[in-house]
Amino acid sequence: MPVSSSVDAGGIGASVSRREDLRLVRGLGRYTDDIAVEHGPAAHLVAVRSPYAFARILSIDLSGARGMPGVIAVLGSEEMAAENFRPFPLRVMRKKANGEPNFSPPYMPLAVGHVRHVGDIVAVVVAETLDQAKDAAEQVDVTYDALQPVVEMTQAVSKDAPLIWPTEPDNICFEHRVGDGDAWQEAAARAAHVISDRMVISRVSANPLEPRTALGEYDPETGRFTLHAGLQSPHAMRREIAHIFGLPVEQFRVVGPDVGGAFGMKASLHPEIILVLWAARLLQRPVRHVCERSEAFLSDHQSRDHVTDVSLALDEDGRFLGLKVTTLANIGAYIASNGLHSPTNNLGGLAGVYTIGAFDVVVRGVFTNTLPTCPYRGAGRPEATFYIEQIIDKAAYELGVDRVEIRRRNLVPPEAMPYRTALLYTYDSGNFPAILKKCADAADWNGFEHRRQASEAEGSIRGIGIAYAIEIAGGPADKPFEEYAKIEFTADGGAIVYAGSHSQGQGHETNYLQMAQTLLGTPADAVQIVYGDTDKVTSGRGTFGSRTMMAYGAAFSGATGTILAKARSIAAHLMETDLDAVEFRDGRFFARDSNRNLSLSDIAIASFDPDRLPPAMEPGLEAEASVSLDKATFPNGCHICEVVVDPQTGSVEIVSYIVVDDVGVQINPMLVNGQIVGGVVQGIGQIMSEQIVYSEDGQVLTGSFMDYGMPRADDVPTINVLSHGVPTTTNPLGVKGAGEAGTVGALAAVSSAIKDALRSRGVDTFEMPATPMRVWNALNAAGT
């Protein structure tokens, strides 16, 4: 676990550097692949993966691999059958059109009977060294009967498409509806304009800096398993692993050490996690798997991949009356842990920051012969914002109204807060008109035409784009979300802070120190942070959905209150004064109307001496809190992006990017800025270059960074992040989520700018990604 340093974190609101960086930048991070196990060297596990997207498995001959040097075990579906593993559980379920629960495919550690996507695991080899395991894996002889796959959604739902699962007609997994279809029909009937468009959101891969990792151990004396893995939710993962093994959860310990990025993908349970634990038990020794980058493109759960029809009804003054959205969402061949979450749980974002009276929203999940899809930074929020903001742009163009002006006419006014939208959410706070104006002014929106003309004179094409994003953060709107915190003072006056929320690079450790300094007055070098270990932290929901500062912050505040109440009683006893006469400020207790005072550290030391405590008080100073918040928050912000397109090459350069964000109270403004910038960059990547592409026979054509276009430094301009925070009252710290905000707005804003540039040259339709070849082809097809 991370250790303390002498760096003073400062309190809430201070822009201080991350304490974690002192060890991470010096190569002292402790990632899963850095862990040296105590009970001998770990064996290495390599997966044998299907080269076919859809096929029957006719036979598997493991004998050739078993005879290879260094091989300890070779395991296939027959060996797995003896274990009686249960299929992977789903965290989110939906219903079919007839009201029945969605079909849950038997997602198993190894494929049984059929393979259903390229990369499906059919066997594993465990050997002394990684090279030996790789060599032996090549000797596993599998005979397949290839079947016709289907990888594209609109083909998958056609009548003649092959069925990925025989019981699921039209390859439809679920049909999820929200809103009021009758209200939409009424709004459309009285509308002066109904603007419609089809939008495609590409499939992407998370590609964290640290690939997926897993190290499994088994103790035959206790019957306990230990998993070390880069993941986001250790406690949830432990429950699901126990379910698959059919064993009590107490028999599993899950440890998430330093994690080199996750973005939602590492919240999913992947087969290799079960496989290393299974192999560790069979072999009575540790087993390690580290996913290589080329393997990740065939095995990491992927994200997004939607085809959506959107219609916006407006009156004669350009005011929004209703929105209809119909989406096909590709969920892949199996369903990831949270696979049904992203396309369905954040649909309230379709309401945007606008007063829209009616919604009719339908999402259909589609099985295809591709990798399962899972949450990726934003998890449905960027998609919702993309749909509403892009259709507003199209309406503005067709009605001849400025794009900032049409948004201004429809914004929810601040005096309407709290505002219940017609689609699921109640916004607690915000000042949307002020943020829109601040962003437009900062971007010099009104001066853009002069810049466009200057670019035209130089032979280039300039475009400007806008998006006003709002997202739910902290948890679903329809149920509480919980988190756990514990604060334990030690006999030397220091403190150990236990967090149920993990970290994957966000800077949580530093944030926790800032909370401790403000709420307890405890300096950073006296605090140790513990997280990510189910044996050390009693419970925890984990880190996802921009929830940690709200959920964990509330739990930390609750534990702080209990600590200070007990410490105040001890202080009154030691200073021989009434409890009502004791005040706490800046980490010290003061006896009113005297010069007597004690630090919280002094009280902590005294708490371990029974002779210095009030009668009948238990020694020690510690408290834990599990909170359940019933109100989410709604961070929001306006993004304006400006691009220049070279018509000779099709290259797109982002020349300006402005964000004005409302994330409530900022624990650390510098870290908030970093989170927003990082999110924007991931949004830029998807619009400009990122796309997972499958061939018709299901082969991944973008299987390396030579083919999959990750954004580079020269693709990203200086991103100017401005703040206009409106504190929320839904949690004790007044914070709103920030981790996903940048991506939520960036997809729509960057796309808006590129389409604006291309529209000036007669390109009416253009879908992501805006690679130079695609842009050049679009311009040439338009005759420009």
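## Two helices side by side

The crossing of H10 and H18 is right-handed, meaning that the near helix is turned clockwise from the far one by less than a right angle. Helices here are DSSP runs (H or I, at least four residues) and strands are runs of E (at least two), numbered from the N terminus. H10 spans residues 381-399 and H18 spans residues 741-759; they pack at an angle of about 30°, their axes 8 Å apart. That makes H10 roughly parallel to H18 (angles under 35 degrees).

## About the model

This is a predicted model, in which local features need pLDDT of at least 70 and side-chain atom pairs count only at pLDDT 80 or more, while totals for chains, interfaces and linings use all residues. Residues are numbered from 1 along each chain as its sequence is written, and side-chain values use heavy atoms, leaving out hydrogens and water.

Most residues other than glycine have a negative phi, and most peptide bonds are trans. Look at Met417 and Pro418, though: a cis peptide bond joins them, with omega about -5°. Pro418 sits in the loop between helix H11 (403-410) and strand E16 (419-420). The bond from Met768 to Pro769 is also cis, with omega near -5°, and Pro769 lies in the loop between H18 and helix H19 (772-781).

Asp170 has a positive phi, near 60°, and lies in the loop between helix H5 (153-156) and strand E7 (172-179). Asp305, in strand E13 (residues 303-314), has a positive phi of about 75°. At 15% relative accessibility Asp305 counts as buried (under 20% relative accessible area, with a 1.4 Å probe and protein chains only).

Definitions and conventions: Axes fitted to C-alpha atoms, helices over the stretch in contact; angles between N-to-C directions. Parallel < 35°, antiparallel > 145°, perpendicular 65-115°, else oblique. Buried < 20%, exposed > 50% of the residue type's maximum accessible area, 1.4 Å probe, protein only.
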